[in-house]
Amino acid sequence: MPYLVPPLIPPGRLADSVQPSLPVADDLLLRPWRGADAPAVLAAFADPDIQRWHLRRADTEAEARDWIDQWRNAWYCETGAHWAVVRPEDAADGTGTVLGRVALRSLIPAIGQAECAYWMLPAARGRGIAPRALSVLAGWAFEEVGFERLELAHSMRNEASCRVAAKAGFALEGTRRRGHLHADGWHDMHVHARIRGDGPPG
(Lines give C-alpha, C1' and ligand atoms only; values in the text may rest on other atoms or scores of the structure.)
Protein backbone atom coordinates (compact mmCIF):
# COMPACT_ATOMS: atom_id res chain seq x y z
CA MET A 1 0.00 0.00 0.00
CA PRO A 2 1.40 3.43 -0.87
CA TYR A 3 2.25 5.96 1.81
CA LEU A 4 0.30 9.21 1.83
CA VAL A 5 3.33 11.20 3.05
CA PRO A 6 6.81 10.92 1.51
CA PRO A 7 9.67 10.05 3.88
CA LEU A 8 10.98 13.09 5.68
CA ILE A 9 14.56 11.76 5.46
CA PRO A 10 15.04 9.68 2.31
CA PRO A 11 16.65 6.23 2.61
CA GLY A 12 20.41 6.42 2.17
CA ARG A 13 20.79 9.88 3.72
CA LEU A 14 23.26 8.44 6.24
CA ALA A 15 24.32 5.18 4.64
CA ASP A 16 25.49 6.85 1.43
CA SER A 17 27.76 9.27 3.28
CA VAL A 18 30.75 9.09 5.60
CA GLN A 19 29.96 9.72 9.25
CA PRO A 20 31.35 13.18 10.00
CA SER A 21 33.30 14.50 12.94
CA LEU A 22 31.53 17.41 14.64
CA PRO A 23 33.51 20.16 16.39
CA VAL A 24 32.26 21.42 19.75
CA ALA A 25 33.80 24.90 19.98
CA ASP A 26 37.61 24.73 19.98
CA ASP A 27 38.28 22.24 22.74
CA LEU A 28 36.02 19.24 22.03
CA LEU A 29 35.22 17.02 19.09
CA LEU A 30 32.59 14.40 18.35
CA ARG A 31 34.22 11.76 16.16
CA PRO A 32 33.23 8.27 15.02
CA TRP A 33 34.30 5.44 17.29
CA ARG A 34 37.46 3.45 16.54
CA GLY A 35 38.50 -0.02 17.56
CA ALA A 36 41.36 1.51 19.55
CA ASP A 37 38.75 3.13 21.84
CA ALA A 38 37.87 -0.24 23.39
CA PRO A 39 39.83 0.39 26.64
CA ALA A 40 37.89 3.61 27.20
CA VAL A 41 34.55 1.85 26.65
CA LEU A 42 35.62 -0.93 29.00
CA ALA A 43 36.57 1.65 31.66
CA ALA A 44 33.25 3.46 31.20
CA PHE A 45 31.15 0.37 31.79
CA ALA A 46 33.21 -0.57 34.83
CA ASP A 47 32.04 2.68 36.44
CA PRO A 48 29.25 2.06 38.99
CA ASP A 49 27.32 5.17 37.96
CA ILE A 50 27.22 4.12 34.32
CA GLN A 51 26.32 0.54 35.24
CA ARG A 52 23.47 1.85 37.38
CA TRP A 53 21.63 3.30 34.38
CA HIS A 54 22.38 0.57 31.80
CA LEU A 55 21.27 -3.01 31.31
CA ARG A 56 24.57 -4.40 30.05
CA ARG A 57 28.25 -4.12 30.84
CA ALA A 58 31.45 -4.93 28.98
CA ASP A 59 33.82 -7.28 30.81
CA THR A 60 36.62 -7.49 28.24
CA GLU A 61 38.17 -5.31 25.55
CA ALA A 62 36.91 -7.82 22.98
CA GLU A 63 33.33 -7.18 24.12
CA ALA A 64 33.95 -3.43 24.01
CA ARG A 65 35.30 -3.70 20.46
CA ASP A 66 32.20 -5.66 19.48
CA TRP A 67 30.03 -2.83 20.79
CA ILE A 68 32.09 -0.33 18.82
CA ASP A 69 31.63 -2.43 15.68
CA GLN A 70 27.88 -2.40 16.28
CA TRP A 71 27.90 1.38 16.76
CA ARG A 72 29.86 1.86 13.55
CA ASN A 73 27.63 -0.49 11.55
CA ALA A 74 24.49 1.25 12.80
CA TRP A 75 25.40 4.27 10.65
CA TYR A 76 25.25 2.22 7.44
CA CYS A 77 22.11 0.40 8.57
CA GLU A 78 20.57 3.80 9.40
CA THR A 79 19.50 2.57 12.82
CA GLY A 80 21.85 4.74 14.89
CA ALA A 81 24.67 7.27 14.88
CA HIS A 82 27.27 7.11 17.64
CA TRP A 83 30.16 9.44 18.49
CA ALA A 84 33.03 9.50 20.95
CA VAL A 85 33.44 12.83 22.75
CA VAL A 86 37.16 13.65 22.75
CA ARG A 87 39.65 16.43 23.36
CA PRO A 88 41.45 16.54 19.99
CA GLU A 89 44.45 18.47 21.29
CA ASP A 90 45.34 15.51 23.53
CA ALA A 91 46.86 13.69 20.53
CA ALA A 92 48.85 14.91 17.54
CA ASP A 93 46.77 12.84 15.12
CA GLY A 94 43.49 14.30 16.41
CA THR A 95 42.20 11.06 17.91
CA GLY A 96 42.12 12.58 21.39
CA THR A 97 41.29 11.20 24.81
CA VAL A 98 37.79 9.72 25.06
CA LEU A 99 35.65 11.65 27.56
CA GLY A 100 32.27 10.14 26.80
CA ARG A 101 29.66 9.20 24.22
CA VAL A 102 26.69 10.84 22.52
CA ALA A 103 24.41 9.03 20.12
CA LEU A 104 21.22 8.96 18.14
CA ARG A 105 19.43 5.63 18.35
CA SER A 106 16.04 4.16 17.49
CA LEU A 107 16.10 6.18 14.27
CA ILE A 108 12.86 6.49 12.30
CA PRO A 109 14.04 8.49 9.29
CA ALA A 110 10.70 8.35 7.50
CA ILE A 111 9.12 10.59 10.15
CA GLY A 112 12.32 12.33 11.21
CA GLN A 113 12.53 11.07 14.77
CA ALA A 114 15.33 9.64 16.92
CA GLU A 115 16.29 9.13 20.55
CA CYS A 116 19.39 10.70 22.10
CA ALA A 117 21.72 8.93 24.51
CA TYR A 118 24.88 10.00 26.34
CA TRP A 119 27.31 9.14 29.09
CA MET A 120 30.51 10.69 30.39
CA LEU A 121 33.50 9.13 32.08
CA PRO A 122 33.93 10.24 35.72
CA ALA A 123 36.77 12.68 34.97
CA ALA A 124 34.59 14.55 32.44
CA ARG A 125 31.53 15.05 34.63
CA GLY A 126 30.43 18.34 36.13
CA ARG A 127 32.23 20.42 33.51
CA GLY A 128 29.41 21.11 31.09
CA ILE A 129 30.78 18.72 28.47
CA ALA A 130 27.68 16.53 28.10
CA PRO A 131 25.17 19.34 27.39
CA ARG A 132 27.56 21.01 24.96
CA ALA A 133 28.11 17.78 23.07
CA LEU A 134 24.39 16.97 23.06
CA SER A 135 23.54 20.45 21.75
CA VAL A 136 25.97 20.09 18.85
CA LEU A 137 24.58 16.65 18.03
CA ALA A 138 21.03 18.00 18.02
CA GLY A 139 21.99 20.93 15.80
CA TRP A 140 23.59 18.59 13.29
CA ALA A 141 20.58 16.25 13.32
CA PHE A 142 18.15 19.09 12.65
CA GLU A 143 20.15 21.23 10.25
CA GLU A 144 22.25 18.74 8.30
CA VAL A 145 20.10 15.61 8.23
CA GLY A 146 16.57 16.94 8.57
CA PHE A 147 15.24 15.37 11.75
CA GLU A 148 12.10 16.95 13.14
CA ARG A 149 12.00 15.61 16.71
CA LEU A 150 14.64 14.27 19.08
CA GLU A 151 13.66 12.58 22.32
CA LEU A 152 15.55 11.36 25.34
CA ALA A 153 14.43 9.48 28.41
CA HIS A 154 16.16 8.95 31.75
CA SER A 155 15.29 7.51 35.12
CA MET A 156 13.64 10.05 37.41
CA ARG A 157 16.34 9.09 39.91
CA ASN A 158 19.06 10.24 37.51
CA GLU A 159 19.10 13.93 38.38
CA ALA A 160 22.40 14.56 36.58
CA SER A 161 20.95 13.35 33.29
CA CYS A 162 17.93 15.59 33.81
CA ARG A 163 20.23 18.60 34.20
CA VAL A 164 22.07 17.69 30.99
CA ALA A 165 18.80 17.46 29.07
CA ALA A 166 17.58 20.83 30.32
CA LYS A 167 20.87 22.59 29.60
CA ALA A 168 20.85 21.18 26.05
CA GLY A 169 17.38 22.58 25.40
CA PHE A 170 15.34 19.36 25.74
CA ALA A 171 12.04 20.32 27.33
CA LEU A 172 10.53 17.99 29.90
CA GLU A 173 7.30 16.65 28.39
CA GLY A 174 6.15 14.12 30.95
CA THR A 175 6.73 10.91 32.86
CA ARG A 176 6.62 7.39 31.49
CA ARG A 177 5.55 5.32 34.49
CA ARG A 178 7.47 2.07 35.01
CA GLY A 179 9.14 2.92 31.73
CA HIS A 180 12.40 1.03 32.07
CA LEU A 181 13.63 -2.02 33.94
CA HIS A 182 16.97 -1.49 35.68
CA ALA A 183 19.00 -3.93 37.75
CA ASP A 184 17.25 -2.66 40.91
CA GLY A 185 13.74 -2.82 39.44
CA TRP A 186 11.35 -0.66 37.46
CA HIS A 187 12.02 3.05 37.15
CA ASP A 188 9.67 5.83 36.13
CA MET A 189 11.26 7.75 33.28
CA HIS A 190 11.34 11.46 32.48
CA VAL A 191 10.72 12.11 28.78
CA HIS A 192 12.37 15.17 27.22
CA ALA A 193 12.23 16.37 23.62
CA ARG A 194 13.59 19.02 21.35
CA ILE A 195 11.99 19.78 17.99
CA ARG A 196 13.19 21.64 14.94
CA GLY A 197 12.66 25.35 15.46
CA ASP A 198 13.08 25.33 19.23
CA GLY A 199 15.19 28.23 20.40
CA PRO A 200 18.82 27.80 21.46
CA PRO A 201 19.52 26.18 24.85
CA GLY A 202 19.48 28.45 27.85
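Over the ring of which residue does the charged end of Arg101 sit? The charged end of Arg101 sits over the ring of Trp71, 4.5 Å from the centre of that ring.

The views below belong to a predicted model, in which local features need pLDDT of at least 70 and side-chain atom pairs count only at pLDDT 80 or more, while totals for chains, interfaces and linings use all residues. Residues are numbered from 1 along each chain as its sequence is written, and side-chain values use heavy atoms, with hydrogens and water left out.

Figure 1. Rings of Phe, Tyr and Trp (its six-membered ring) pair if their centres lie within 6.5 Å; planes under 30 degrees apart count as stacked, over 60 as edge-to-face and the rest as tilted.

**Figure 2. The pair of Phe45 and Trp67.** The rule for ring pairs gives a count of eight aromatic pairs. In one of them, the ring centres of Phe45 and Trp67 are 4.6 Å apart and the planes stand at 75°, so the pair is edge-to-face. Phe45 belongs to the loop between helix 1 (38–44) and helix 2 (48–52), whereas Trp67 belongs to helix 3 (residues 61–77), so the pair ties together parts that are 22 residues apart in sequence. Helices (H or I, at least four residues) and strands (E, at least two) are DSSP runs, numbered from the N terminus. Both Phe45 and Trp67 are buried; buried means under 20% relative accessible area, exposed over 50%, and partly exposed in between (1.4 Å probe, protein chains only).

**Figure 3. The pair of Trp83 and Trp140.** Trp83 and Trp140 form an edge-to-face aromatic pair, with 5.1 Å from centre to centre and 75° between the planes. Because Trp83 lies in strand 3 (residues 80–87) and Trp140 in helix 4 (residues 129–145), the pair ties together parts that are 57 residues apart in sequence. Trp83 is buried, at a relative accessible area of 0%, and Trp140 is buried as well, at 11%.

**Figure 4. The nonpolar cores.** In soluble globular proteins, nonpolar side chains tend to be buried together. A nonpolar core is a set of buried Ala, Val, Leu, Ile, Met, Phe, Trp, Tyr and Cys residues joined through side-chain atoms within 4.5 Å. The largest nonpolar core has 36 residues, and those that touch the most other members include Leu30, Trp83, Leu104 and Trp140. Helix 4 supplies the largest share of this core, 10 residues. Another core, of 18 residues, lies apart from it; among its members are Leu29, Ala40, Ile50 and Leu121.

Figure 5. On a 1 Å grid over the protein atoms alone, a cavity is a set of points where a 1.4 Å probe fits but cannot get out, and a pocket is an open set with protein on both sides within 12 Å along at least five of seven lines; lining residues have an atom within 4 Å of a point. Grid points are joined across faces, edges and corners, and a volume is the space filled by probe spheres set on the points. The structure holds one cavity of 30 Å³ or more, and the largest cavity contains about 40 Å³ of space. Its lining includes Ile9, Pro10, Glu78 and Phe147. The largest pocket has a volume of about 1,300 Å³. Of the 47 residues that line this pocket, Trp53, His54, Tyr118, Trp119 and Asn158 lie nearest its centre. Strand 5 gives the most to the pocket lining, with six residues.

Figure 6. Ser106 has a phi near 50°, a positive value in a residue other than glycine. Ser106 is placed in strand 4 and is partly exposed, with a relative accessible area of 46%. Arg178, also not a glycine, has a positive phi of about 45°. Arg178 is found in strand 7 (residues 171–182) and counts as exposed, at 54% relative accessibility.

Notes. A charge sits over a ring if NZ of Lys or CZ of Arg is within 6 Å of the ring centre and within 35 degrees of the ring normal.
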